[in-house]
Structures are given as C-alpha cells and as structure tokens.
Amino acid sequence: MISRSLETTLNALALLAIAVVLGVAFFDQLVNGELPCPLCLLQRSGFLLLAIGPVLSVARGPRASHYGVAILAGLLGAGFAMRQILLHIAPGDAGFGAPFLGLHFYTWAFVVFVVAIAACAAMLILRAPDEAGEAVSGGGTLGRVAVLLVILMAGANAMSTVLECGFATCPDDPQTYELLTPSAS
C-alpha cells in the first residue's frame with residue numbers, strides 16, 4: 001500500500017506529464033509549423049480529459065473513482081489515436097506530420113494513453129482503501145503548479161484551435177491559421 005501523500009504526489013506528477021505532452025505538441029505546432037489535424041485535436045482533448053482524474057485527486061484527495069474517470073478518458077484518447085494510426089497503416093503511407101523520435105505524434109499518443117491506463121490500474125491495486133472522513137489533500141505547491149500548467153495548456157490549445165479552425169469545421173490537412181489568414185474576398 002502507498003500513503004495518501006505519495007498518491008497525491010504521483011497524481012501531481014501525472015499532471016505534469018500531461019502538461020509536458022501537450023507542451024511538446026504545442027511547441028511542435030508553433031516552432032515547426034505542424035498544425036494539428038482534427039484527430040490530433042481530439043487526442044489533445046483526450047489528454048485534457050485524462051487530466052480530470054488527477055486534478056480531482058490533487059484537489060479533493062485521491063479516490064478510486066478519480067482513477068475510473070482517468071481510465072475512461074484514456075480509453076477514449078487511445079481510441080482517437082488508434083483511429084489515426086489505422087488511417088496511415090497502409091504500406092507507403094508517410095503518415096501525418098513529421099515523426100518524433102521515429103514515431104508520429106499519434107502513435108506516441110496511443111502509447112502514452114495505454115501507459116496512463118496501466119498506471120491508473122496499478123494505483124487502484126496499490127492504494128489503501130478509501131475511508132470515511134479522510135482529510136482532503138490540497139496537493140501542496142507541486143499539485144497547485146501541476147493543475148495550473150494543465151489549465152494553461154488547455155487555454156492555449158483552445159485559443160490555438162479557434163485561430164486554426166475559426167468557427168467552422170477544421171480542415172483535414174490544415175496549412176494556415178484560418179482567423180489569421182486574410183480572406184480572398
């Protein structure tokens with residue numbers, strides 16, 4: 001069994017990992033000009049949904065139900081990533097976007113979602129049973145910083161998505177930021 005304080009710290013570290021994943025994708029978007037496709041945006045949303053469980057654990061104290069929320073979000077995100085992997089599985093298909101460490105971001109996303117699901121399952125096995133009247137943990141400074149980083153990444157990605165897609169359906173292969181491109185009229 002692990003202590004509640006260690007469990008809360010591990011949830012804060014999970015949030016930092018999610019913020020790093022989103023940050024790397026956002027960095028690639030801004031620095032390398034790799035605009036995310038609609039499935040990529042869904043995967044980013046999956047990571048933000050995945051963060052709900054750890055945010056709840058940091059803010060309200062760890063609970064088994066928080067891991068359940070994260071597992072469901074991980075399954076959803078893994079489904080989005082697998083859909084994109086299957087779209088580009090044909091021989092000769094170069095895939096979408098440039099590879100990162102030998103794999104495309106959507107393949108890495110699938111791997112990270114599966115690891116997150118496995119980590120949640122491990123936490124459910126290792127944690128002590130919930131007890132009535134347990135003190136609620138605030139997560140300390142690490143927890144507050146981790147939650148803030150995820151919120152900042154959510155806001156940055158939301159703003160970027162609006163700039164990229166405007167108020168219409170996002171293009172399958174985006175090349176420009178819709179709201180930053182002068183109209184041809």
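Visitor: Why is C40 called buried?

Guide: Buried means under 20% relative accessible area, exposed over 50%, partly exposed in between (1.4 Å probe, protein chains only). C40 has 16% relative accessibility, so C40 counts as buried. This is a predicted model: local features need pLDDT of at least 70, side-chain atom pairs count only at pLDDT 80 or more, and totals for chains, interfaces and linings use all residues. Residues are numbered from 1 along each chain as its sequence is written, and side-chain values use heavy atoms, with hydrogens and water left out.

Visitor: What makes C120 buried?

Guide: Its relative accessible area is 9%, so C120 is buried.

Visitor: How do you know that C165 and C170 form a disulfide?

Guide: The term needs a pair of cysteine sulfur atoms within 2.5 Å. In C165 and C170 the sulfur atoms are 1.8 Å apart, and the two form a disulfide. By this rule the count is 1 disulfide. The link is right-handed, with 105 degrees about the S-S bond. C165 and C170 are both buried.

Visitor: Why does the span of helix 6 agree with what it should be?

Guide: Helices are DSSP runs (H or I, at least four residues), numbered from the N terminus. The expected span is 1.5 Å times one less than the number of residues. Helix 6 (residues 140-165) has 26 residues and should span 38 Å; its end C-alpha atoms are 38 Å apart, so the two agree. After helix 6 comes G166, with a positive phi near 65 degrees.

Visitor: Which residues of helix 6 are buried, and what covers them?

Guide: Buried residues in helix 6 include G143, A146, V147, V150 and C165. Their cover includes helix 1 (4-32), helix 2 (38-50) and helix 3 (52-60).

Notes:
Helices (H or I, at least four residues) and strands (E, at least two) are DSSP runs, numbered from the N terminus. Contact means heavy atoms within 4.5 Å.
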